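The sequence and the coordinates are shown first.

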Amino acid sequence: MQEKENLSSNISSQSLKEKNTNLFLIIASVVLTVFTVYLLYSLLDKTGIIHFGKDETVKPQNVQQLIQVEVLNGCGVAGVGDGFTDILRAKGIDVVKTGNYRSFDIDNTFLIDRMGKIETANRVADSLNLDKRFIITEKNKSYFLDLTIVIGKDYKNYFQKSGS
């Protein structure tokens, strides 16, 4: 009779150990699955493959948005790019690059919107009193800047209106 009790006790303790082991494996599997899903989501979100409508970076309204531009001389007059750079920097616009445009035959100064943010282009055009019909949108995220300003032969209009 005692052997039956010992056998029964051994069977129940083995059964309990198996249940504990199975429970541990189930919990570990669930934790690993949740962790794997989180890592996969993070990877896809950072690479831009998925986007669930969350705003990118919400800035406080009292902080002015940093606008980065390049200024290109399209009229061929020496020093015009530096003058425009001074005007833009006085208005809080970050000029990150200056240079010459591919041609010096540009009659009208124009803006090229590189990020597809027409509001930013409109703000810069307003600050220079530039007609909005001279805003072109050419999205190019590899430029790492907001706008390109190409200075035309009408550059004197912008120096006078800007107070320079």
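A residue counts as buried when its relative accessible area is under 20%. Phenylalanine 110, with a relative accessible area of 11%, is therefore buried. The structure discussed here is a predicted model.

**Confidence and overall fold**

The mean pLDDT of the chain is 82, and 79% of the residues reach 70 or more. Over residues 58-64, pLDDT stays under 50, and the model has four contacts beyond four places in sequence for this stretch.

Four helices and five strands make up the secondary structure of the chain. Along the sequence these elements follow the pattern α-β-α-β-β-α-β-β-α. The chain has 164 residues, of which 29% count as buried. Where residues at least 6 apart in sequence are in contact, 80% of those contacts join residues at least 24 apart.

In soluble globular proteins, nonpolar side chains tend to be buried together. Here, the largest nonpolar core has 30 residues, and those touching the most other members are Val69, Phe84, Leu88, Val124, Leu128 and Ile149. Two or more residues of this core come from each of β1 (68-73), α2 (80-90), β3 (110-113), α3, β5 (147-151) and α4 (155-161).

Strand β1 has six residues, five of which are buried, so the strand is largely enclosed by the rest of the structure. The partner strand β2 (residues 94-100) pairs with β1 in the parallel sense over six bridges. Within this arrangement, leucine 72 stands opposite glycine 99 in β2. Beyond its neighbours within four places in sequence, valine 69 has contacts with Leu88, Ile93, Asp94, Val95, Val96, Lys97, Leu147 and Ile149. Two of these partners, Leu88 and Ile149, are also listed among the core residues that touch the most other members.

The buried residues of α2 include Val80, Gly81, Gly83, Phe84, Thr85, Ile87 and Leu88. Glycine 92 follows α2 and has a positive phi, near 85°.

Which residues of helix α3 (residues 118-128) are buried? They are Thr120, Ala121, Val124, Ala125 and Leu128. Because they cover an arc of only 135° around the axis, these residues lie on the same side of α3.

Alanine 125, in helix α3, has 0% relative accessibility and so counts as buried. Not counting residues up to four places away in sequence, alanine 125 touches Leu111, Leu130 and Ile135.

Asparagine 129 follows α3 and is placed in the loop between α3 and β4 (135-137). Most residues other than glycine have a negative phi. Asparagine 129, a residue other than glycine, has a positive phi near 60°. With a relative accessible area of 41%, asparagine 129 is partly exposed.

**The aromatic pair**

How many aromatic pairs does the structure hold? There is one. The pair consists of tyrosine 101 and phenylalanine 110, whose ring centres are 6.0 Å apart; their planes are at 85°, so the geometry is edge-to-face. The cut-off for this class is an angle over 60 degrees between the planes. Tyrosine 101 is buried, with a relative accessible area of 16%, and phenylalanine 110 is buried as well, at 11%.

**Glutamate 138**

Glutamate 138 occupies the loop between β4 and β5. Its relative accessible area is 40%, so glutamate 138 is partly exposed. Apart from residues up to four places away in sequence, glutamate 138 touches Ile112, Asp113 and Arg114.

**Accessibility of the residues discussed**

The table lists relative accessible areas for residues described above.

| Residue | Relative accessible area | Class |
|---|---|---|
| Alanine 125 | 0% | buried |
| Phenylalanine 110 | 11% | buried |
| Tyrosine 101 | 16% | buried |
| Glutamate 138 | 40% | partly exposed |
| Asparagine 129 | 41% | partly exposed |

Conventions
Residues numbered from 1 in each chain as written. Heavy atoms only, no water. Buried < 20%, exposed > 50% of the residue type's maximum accessible area, 1.4 Å probe, protein only. Arc of directions from axis to C-beta. Core = buried A, V, L, I, M, F, W, Y, C linked by side-chain atoms within 4.5 Å. Contact = heavy atoms within 4.5 Å. Phe/Tyr/Trp six-rings, centres within 6.5 Å; stacked < 30°, edge-to-face > 60°. pLDDT = per-residue confidence, 0-100. Pairing = 2+ DSSP bridges.
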